[in-house]
Amino acid sequence: MDGDTLRLVIFISVFLIMLILELFIPRHPIVDSKPRRLGINLGLTGLNTLLARLVFGAAAVGAAKIAGSRGWGLLNVLDWPSEMELFIGVVFLDFAIYVQHVIVHKVPFFWLFHVVHHSDLDLDVSSGLRFHPIEILGSMLYKIAIVYLLGPSPLTVLVFEVILNVMALFSHSNITLPGKIDHLCRKIIVTPDMHRIHHSVEVRETNSNYGFNLSVWDRLLGTYTQEALKEQPEIVIGLDTIRHPDEVTFKNLLLMPLRNRAQEYSQPSHLN
Ligand SMILES: [Zn+2]
Ligand SMILES: [Zn+2]
């Protein structure tokens, strides 16, 4: 089985497991139609996958192969054991993704695209896939640049991408974890309750908990929120400027960054 097939099999399996768990142990009440949102979010995923393939091919892994053959990047210069390079590579790539997430919140131009992710009125496994195509292309370019600078092996990039995909599905899922388990997991990784706070309408909460895999970056850099103002099931998800399902149709999501109203979605307090 090649890397792409493995990634697809893991992705589909985790997606289905989370979807089933959401039926049995939901954490948060639903306000929008689940089938409708699934259609929109999976539609975006299909479009993004197609675009990414057309424009970049196997982008980040390919970049790691090029960097390796030309000796580019820190890890290709250093002669460390491959296990250590894999560990450091995965941890550093995770930090880079954390930094990227902070940037798309703080820079108004990037926020115009990232707003699509935050416009979801509910949070479930499919929300982890809901990104504007331009944001996906931008993050691929960013990842390629990081890979050239860092020089991780293709295996490191593949491992990181699989972890990132699985964790994005897990942390967006609408599932209940027992309090103690959530507490314990959160010491290391981002849990659904932790990421739900990031999707709260409260700006202070939206601008916190940026991590995707490891919770350590938020803790270290002062962007961690342990508890939302409201209890988890009462957290209002989304943005206070977009509250109606009619505003977040597939077409509206694609046009969102271009519309004049887009300025409304940009929260000035993001520049704090
Ligand atoms: Zn965000
Ligand atoms: Zn999210």
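In this predicted model, the zinc ion (ligand 2) and the zinc ion (ligand 1) are 5.5 Å apart. His 172 belongs to helix α8 (residues 154-172) and His 195 to helix α10 (residues 192-198), so this pair ties together parts that are 23 residues apart in sequence. Both residues are donors to the zinc ion (ligand 2), which is coordinated at 2.1 Å by the NE2 atoms of His 117, His 172, His 195 and His 199. The angles among the 4 donor atoms run from 88 to 165°, and the site is irregular. With a relative accessibility of 1%, His 172 counts as buried, and His 195, at 0%, counts as buried too.

Turning to the charged side chains, the count of salt bridges comes to 11. One of them joins Lys 34 to Glu 22, with the closest N and O atoms 2.6 Å apart, and this pair links helix α2 (residues 34-56) with helix α1 (residues 3-24). Lys 34 also meets the side chain of Asp 124 in a salt bridge, at 3.2 Å from N to O; here the partners are 90 residues apart, since Asp 124 sits in the loop between α6 (108-118) and α7 (133-150). Glu 22 is buried, with a relative accessible area of 5%, and Asp 124 is buried as well, at 1%. Glu 22, Lys 34 and Asp 124 are linked with Arg 37, Asp 120 and Arg 130 in a network of salt bridges.

Another salt bridge is formed by Lys 143 and Glu 161, whose closest N and O atoms are 2.7 Å apart. Lys 143 lies in helix α7 and Glu 161 in helix α8, so the pair ties together parts 18 residues apart in sequence, and both residues are buried.

Key:
Residues are numbered from 1 along each chain as its sequence is written. Chains are lettered from A and ligands numbered from 1 in the order in which they are written. This is a predicted model: local features need pLDDT of at least 70, side-chain atom pairs count only at pLDDT 80 or more; totals for chains, interfaces and linings use all residues. Side-chain values use heavy atoms; hydrogens and water are left out. Donors are N, O and S atoms within 2.8 Å of the metal (3.2 Å for Na, K and Ca); water is not among the atoms, so sites may look incomplete. Four donors count as tetrahedral if all angles lie between 85 and 135 degrees; four count as square planar and six as octahedral if opposite donors are over 155 degrees apart and all others between 65 and 115; anything else is irregular. Helices (H or I, at least four residues) and strands (E, at least two) are DSSP runs, numbered from the N terminus. Buried means under 20% relative accessible area, exposed over 50%, partly exposed in between (1.4 Å probe, protein chains only). A salt bridge is a side-chain nitrogen of Lys or Arg within 4 Å of a carboxyl oxygen of Asp or Glu.
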